[in-house]
Amino acid sequence: MTAAVPLPQGPYTPRATPLDLAPTGLPPTSRTVFSAAHVVADPYADISPDDPAAVDWESTLAFRRHLWSHGLGVAEAMDTAQRGMGLDWAGAAELIRRSAAEAKAVGGRIACGVGTDQLPQTTEAPLAEVRAAYEEQLTLAEENGVQPILMASRALVKAAKGPEDYLATYAHLLRQASEPVILHWLGPMFDPALEGYWGSSDLDEATDTFLKVIAEHPDKVDGIKISLLDAAREIDVRRRLPGGVRCYTGDDFNYPELIAGDERGFSHALLGIFDPLGPMAAHAVRILDTGDVAGFRAALDPTVELSRHLFQRPTRFYKTGVVFLAWLAGHQSHFTMAGGLQSARSLPHLAKAYELADGLGLFPDPDLAAHRMRALLTVNGGAR
């Protein structure tokens, strides 16, 4: 038995064996499931936090192959990949190119974030420049054969004078899209700069504008991703969508119930928490494929405590926990992040994340995870 790990909250004895969740390569059939994937930084790059991110491309792509091996789709260059929090547009563009080529090589499903983050963040750009920035990124996505996800734009928040500017901007982009896109509503808990998106801080008014965009262009919208951490609002929006438009839950607090659905429908998934939970998520949805809702909930409900811990306020720093768990699980050799973001969570927070993840059987090698957790405690002066 592995010796107890001296966590800040008290000694913890790791579980002896992980869950047996071997890759199948087959995607779920009852739901479309994307994992928003993180990037692996190059720990030996001699850069400062203000420099462009240095990415370990092989480890980054290897993690995507891991997700594809379990049948999950990859949502690339999204918030989880530190988009706008360490990864600039040049880095995101290279990530999209490389991941698109890798997806084609292995037959993996991929969609990618399209935004406006090449614009200066400190000044207000006119609407015409915001549209042009979106167009540049949309063109890159389509040239590389990946499905675009129209991300919420900080620049559009600054430039828009009201809901009509959002309607006009999205109508312009959707008319140009050659294939149906996914629309993404990312709430201010993930990015405070997105407060008032869709032209109002009143969520009912914002929802109406959001739905109007979809209603006017249903043939150009594959689906919507809602990341508001509000299950009731997601269900309301889901029930008001035109036929054929999917709802992809981005709710990292309530995903089991939203994916399971009710008598009036269900959500597909595009989730940051499915980065660390990839094998468990794929296993659970395959149970759901058989019609066994209770079995699905029994498999996935126990993961919610870990997810809520990782996504606790300030929610935007959940990325630190995601990369930390990837390191403990052996998917990368270090706990270093673009922009130095590994320092964004406290040692007690990380220790609790380790305990919850190990309790779920998330780590393929529990001894390796325990060894790395002890090393982190030691280097931070927390070992006893």
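Helices (H or I, at least four residues) and strands (E, at least two) are taken as DSSP runs and numbered from the N terminus. The structure is a predicted model, in which local features need pLDDT of at least 70 and side-chain atom pairs count only at pLDDT 80 or more, while totals for chains, interfaces and linings use all residues. Residues are numbered from 1 along each chain as its sequence is written, and side-chain values use heavy atoms, with hydrogens and water left out.

The strands E3-E4-E5-E6-E7-E8-E9-E10 form a closed barrel of eight with parallel pairing, where two strands pair if DSSP finds at least two bridges between them. The twist from one strand to the next averages 25°; axes are lines fitted to C-alpha atoms, for helices over the stretch in contact, and angles run from 0 to 180 degrees between N-to-C directions. Strand E3 (residues 33–36) and strand E4 (residues 73–76) run parallel and are joined by three bridges. In this pair, Phe 34 stands opposite Gly 73 of E4.

Helix H3 (residues 127–143) packs on the sheet, where it touches strand E5 (110–114) and strand E6 (147–150), contact meaning heavy atoms within 4.5 Å. The direction of H3 makes about 165° with that of E5. Helix H6 (residues 203–216) lies across strand E7 (181–186) and strand E8 (221–227), and runs at about 170° to E7.

In helix H10 (residues 293–300), Gly 295, Phe 296 and Leu 300 are buried (buried is under 20% relative accessible area, exposed over 50%, partly exposed in between, with a 1.4 Å probe and protein chains only). Seen down the axis of H10, the buried residues fall within an arc of 120° and so line one face of the helix; the arc is that of the directions from the helix axis to the C-beta atoms. Ala 294 and Ala 298, on the other side of H10, are exposed. The cover over the buried residues of H10 includes helix H8 (255–260), helix H9 (278–289) and helix H11 (304–310).

Ala 77, in the loop between E4 and helix H2 (89–106), has a positive phi near 55° although it is a residue other than glycine. Ala 77 counts as buried because its relative accessibility is 0%. Trp 198, in the loop between E7 and H6, is not a glycine either and has a positive phi of about 70°. Trp 198 likewise counts as buried, at 0% relative accessibility. Arg 313 and Pro 314 are joined by a cis peptide bond with omega of about -10°, and Pro 314 is found in the loop between H11 and helix H12 (318–328).
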